[in-house]
Amino acid sequence: IASSEISKPTMKPSRKPTTVPTSIPTRRPTLKPTSGTKNLDIVGDNGFPEQRYPLGRCEGDCDYHSDCAKGLLCFQRSGLDVVPGCEGSGV
């Protein structure tokens, strides 16, 4: 890549997603995604009601990754800890 094609990093987010990954990752992860946040919702507990499982994004209460839909992981928290990618307390 020619040096004229390389831009300096900025503190402002891009208006459009990039088509290629950046060569240097961010120093710190963000606490919230830049878009698509969803309210935290408690819909089940300990596998009940059974029809609510597997849980979707920002749905709880999970105890194991297997409680969650494909591609999602169970996030264990204490009290009202923030759940990454979700808004609200879920209580």
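This is a predicted model: local features need pLDDT of at least 70, side-chain atom pairs count only at pLDDT 80 or more; totals for chains, interfaces and linings use all residues.
Trainee: Where in the chain is Cys-58 found?

Mentor: Cys-58 sits in the loop between β2 and β3. Its phi is near 65°, a positive value in a residue other than glycine.

Trainee: Which other non-glycine residue has a positive phi?

Mentor: Asn-46 has one, of about 55°. Asn-46 also lies in the loop between β2 and β3.

Trainee: Is Asn-46 buried or exposed?

Mentor: Exposed, because its relative accessibility is 52% and the cut-off is over 50%.

Trainee: Switching to peptide bonds. Where is there a cis one?

Mentor: One joins Phe-48 and Pro-49, with omega about -10°. Pro-49 is in the loop between β2 and β3. A cis bond also joins Gly-60 and Asp-61, where omega is about 20°. Asp-61 belongs to the loop between β3 and β4.

Trainee: How many helices and strands does the chain have?

Mentor: 0 helices and 4 strands, so the order from the N terminus is β-β-β-β.

Trainee: What share of the residues counts as buried?

Mentor: 16% of the 91 residues. The chain exposes about 8300 Å², and carbon and sulfur atoms supply 56% of that.

Trainee: Which residues make up the largest nonpolar core?

Mentor: There are 6 residues: Val-43, Tyr-53, Leu-55, Cys-62, Cys-68 and Cys-74.

Trainee: Take Cys-68. What is it in contact with, leaving aside neighbours within four places in sequence?

Mentor: Pro-54, Leu-55, Cys-62, Leu-73 and Cys-74.

Trainee: What about Ser-66, where is its place?

Mentor: Ser-66 is in the loop between β3 (59-60) and β4 (86-87). At 65% relative accessibility, Ser-66 counts as exposed. Its C-alpha atom is separated by 9.3 Å from that of Tyr-53, 13 residues apart along the chain.

Trainee: Last one. Among contacts between residues at least 6 apart in sequence, what share joins residues at least 24 apart?

Mentor: 27% of those contacts in the chain.

Methods
Residues are numbered from 1 along each chain as its sequence is written. Side-chain values use heavy atoms; hydrogens and water are left out. A nonpolar core is a set of buried Ala, Val, Leu, Ile, Met, Phe, Trp, Tyr and Cys residues joined through side-chain atoms within 4.5 Å. Buried means under 20% relative accessible area, exposed over 50%, partly exposed in between (1.4 Å probe, protein chains only). Contact means heavy atoms within 4.5 Å. Helices (H or I, at least four residues) and strands (E, at least two) are DSSP runs, numbered from the N terminus. Accessible areas come from the Shrake-Rupley method with a 1.4 Å probe; for residues, only the protein chains shown count as cover.
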